[in-house]
Amino acid sequence: MVKILCLFGSCLLLSGCALKQYPASPPVDEVQASQLDCRGVQQAIVSQRDITAQIDKTGEFDGLTVLGFMGDFGIGNGVAKGLARKRAAARSEQLSALAQQKCSANAPVAVG
């Protein structure tokens, strides 16, 4: 009985960490900004929208949400999701600014 309780306690403590893995959104660096043309920036914006959708999908309620709540009241998963959203928003803003620089006024720009 003691072994079972120790095993359960260990699993509970390990589940307290952020269990969900959110996609990364690294900031746009100088090399990437200089190498991307208008079309590349637009493709990066579309890709970033997909990453934002993945973050939302990963954040949906599921079994990992329950385990995270049992371990630390869901704080770990909440913090990880918040950071992922913050980084995704920052990258989206950088890409939008880059699109304004790289794309002419005549070319359609995917902003958002």
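Predicted model: local features only at pLDDT ≥ 70, side-chain atom pairs only at ≥ 80, totals over all residues.
Trainee: Where in the chain do C38 and C103 sit?

Mentor: C38 belongs to helix α3, while C103 lies in the segment after α5. They are 65 residues apart, so the pair links distant parts of the chain.

Trainee: Is C38 buried or exposed, and what about C103?

Mentor: Buried means under 20% relative accessible area. C38 has 17%, and therefore counts as buried. C103 is buried too, at 9% relative accessibility.

Trainee: Now the nonpolar residues. Which ones make up the largest nonpolar core?

Mentor: The general idea is that in soluble globular proteins, nonpolar side chains tend to be buried together. In this model, the largest nonpolar core has nine residues: V28, A33, L36, V41, A44, I45, L95, L98 and A99. Helices α3 (38–58) and α5 (75–102) each supply at least two residues of this core.

Trainee: If I click on V41, which residues does V41 touch?

Mentor: Leaving aside residues up to four places away in sequence, V41 touches L36, L95, L98, A99 and K102.

Trainee: And which residues does the second core include?

Mentor: That core is separate and has five residues, among them Y22, I55, A84 and A88.

Conventions. Residues numbered from 1 in each chain as written. Heavy atoms only, no water. Core = buried A, V, L, I, M, F, W, Y, C linked by side-chain atoms within 4.5 Å. Buried < 20%, exposed > 50% of the residue type's maximum accessible area, 1.4 Å probe, protein only. Helix = DSSP H or I, 4+ residues; strand = E, 2+ residues; numbered from the N terminus. Contact = heavy atoms within 4.5 Å.
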